[in-house]
Amino acid sequence: MSIATATPAIQVTGVTKTFSRPVERSARSRRRGAQSATEAITTGGDVFTALQDIDLSVGKGEFVSLVGASGCGKTTLLRMMSGLIARDSGEIRIDGRLVNGVPSKVGFVFQEPALLPWRSVHDNLAFALEYKQLPPDEREAVIEDKLKLTNLLEFRNSYPHQLSGGMQQRAGLARALATDPEVLFMDEPLSALDAFTRRRLQQEIASIIEASGATCVLVTHDVDEAVFFSDRIVVMGARPGRVTELIDVPFPRPRTQVELLGNPEAAQIRDRVLELVLGLG
Ligand SMILES: Nc1ncnc2c1ncn2[C@@H]1O[C@H](COP(=O)(O)OP(=O)(O)OP(=O)(O)O)[C@@H](O)[C@H]1O
């Protein structure tokens, strides 16, 4: 069955999101005479549209990256898709089901891996699995599998502070994968790492995700990273936040950094995305 006829993993239809700006940041509210941030918000304050009329369909197993200038609404869109925050209007479905709250089959990887510092790597994964109430041997098998996948088996008893930044991020990924998510939401997961670690982890993560078969949505500021990972790049514009262009990345996954380096088509895609993000296209 083709992606066009199958139920999409994620379907976003006509989604809009507004926020209230605190009065301190709003000259208009000051002119209106609002006395405090609370007053501005409760009275409507200065309402601005963060995202307007977003339509987006993500196929099962597809890897999509959201890129765009700072403040164009990438994180807001990812958070709405994953049910972390509510939309004002429109519809979001994951595997055909309306999203109202975080669905059970999704996983998250954020810029900060947010591991529990008082728990070992093993116990952080065990914590993520607690709600599943698996029999102990099954739970241990899942943990071992995910630690193996992320090359952390020998660090199973280490605590987060004993790991490098890259290892912490791998532990965060292992924890996200422990519940076998059908959709993985990643918000700048590698942006806090140095360039070399980031490259190495990109390669590792690409293979891990390929093996998991999960649908992925990634927010990134790194256009090369978007080209490396994605089947499609969603370029977003600001004021109001919207989708400006969808760009296909036609190379089979998983890819290697080396094969993309000298590839003129990859360079063309990267340049097109950059032009759009910088407002030159
Ligand atoms: N809870 C909130 N309350 C008020 N405004 C918000 C809130 N969350 C986001 N915003 C605003 O919505 C807009 C979009 O924010 P968002 O974080 O989604 O953008 P982004 O594209 O992810 O930015 P960046 O690339 O800098 O992380 C910004 O103007 C931001 O200030």
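**Ligand shell, sheets and core**

The ligand is surrounded by Phe19, Ala50, Gly68, Ser70, Gly71, Cys72, Gly73, Lys74, Thr75 and Thr76 (a residue is near a molecule if its C-beta atom, placed from the backbone, lies within 6 Å of it). The structure is a predicted model: local features need pLDDT of at least 70 and side-chain atom pairs count only at pLDDT 80 or more, whereas totals for chains, interfaces and linings use all residues. Residues are numbered from 1 along each chain as its sequence is written. By class, the shell holds three nonpolar, six polar and one charged residues. Here Ala, Val, Leu, Ile, Met, Phe, Trp, Tyr, Cys and Pro count as nonpolar, Asp, Glu, Lys and Arg as charged, and the others, Gly among them, as polar. Helix H3 (residues 74-81) supplies the largest share of the shell, three residues. Helices (H or I, at least four residues) and strands (E, at least two) are DSSP runs, numbered from the N terminus.

H3 also lies across S1, S2 and strand S4 (89-94), at about 125° to S1. Axes are lines fitted to C-alpha atoms, for helices over the stretch in contact, and angles run from 0 to 180 degrees between N-to-C directions. These strands belong to an open, antiparallel sheet of four, ordered S2-S1-S4-S5. Strands pair if DSSP finds at least two bridges between them. The edges are strand S2 (46-58) and strand S5 (97-98), each pairing on one side only. Strand S1 (residues 10-21) runs antiparallel to S2 and is joined to S2 by nine bridges. Valine 15 stands opposite isoleucine 54 in S2.

A second open sheet is described next. Six strands follow the order S6-S7-S8-S3-S9-S10, with mixed pairing. Strand S6 (106-110) and strand S10 (242-248) each have a single partner strand, so one side of each is left without a neighbour in the sheet. The twist averages 20° from one strand to the next. Strand S7 (residues 183-187) pairs with strand S8 (residues 215-219) in the parallel sense over five bridges. Phenylalanine 185 stands opposite valine 217 in S8. Helix H6 (residues 165-178) lies across S6 and S7, at about 170° to S6.

The largest nonpolar core has 67 residues; Val67, Met81, Leu184, Phe185, Cys216, Val217 and Val273 touch the most other members. Such a core is a set of buried Ala, Val, Leu, Ile, Met, Phe, Trp, Tyr and Cys residues joined through C-beta atoms within 7 Å (buried: 20 or more other C-beta atoms within 10 Å of the residue's own, C-beta atoms being placed from the backbone). H6 gives the most to this core, with seven residues.

Note on methods:
Two residues are in contact if their C-beta atoms, placed from the backbone, lie within 7 Å. A residue is buried if 20 or more other C-beta atoms lie within 10 Å of its own, exposed if 12 or fewer, and partly exposed in between; C-beta atoms are placed from the backbone.
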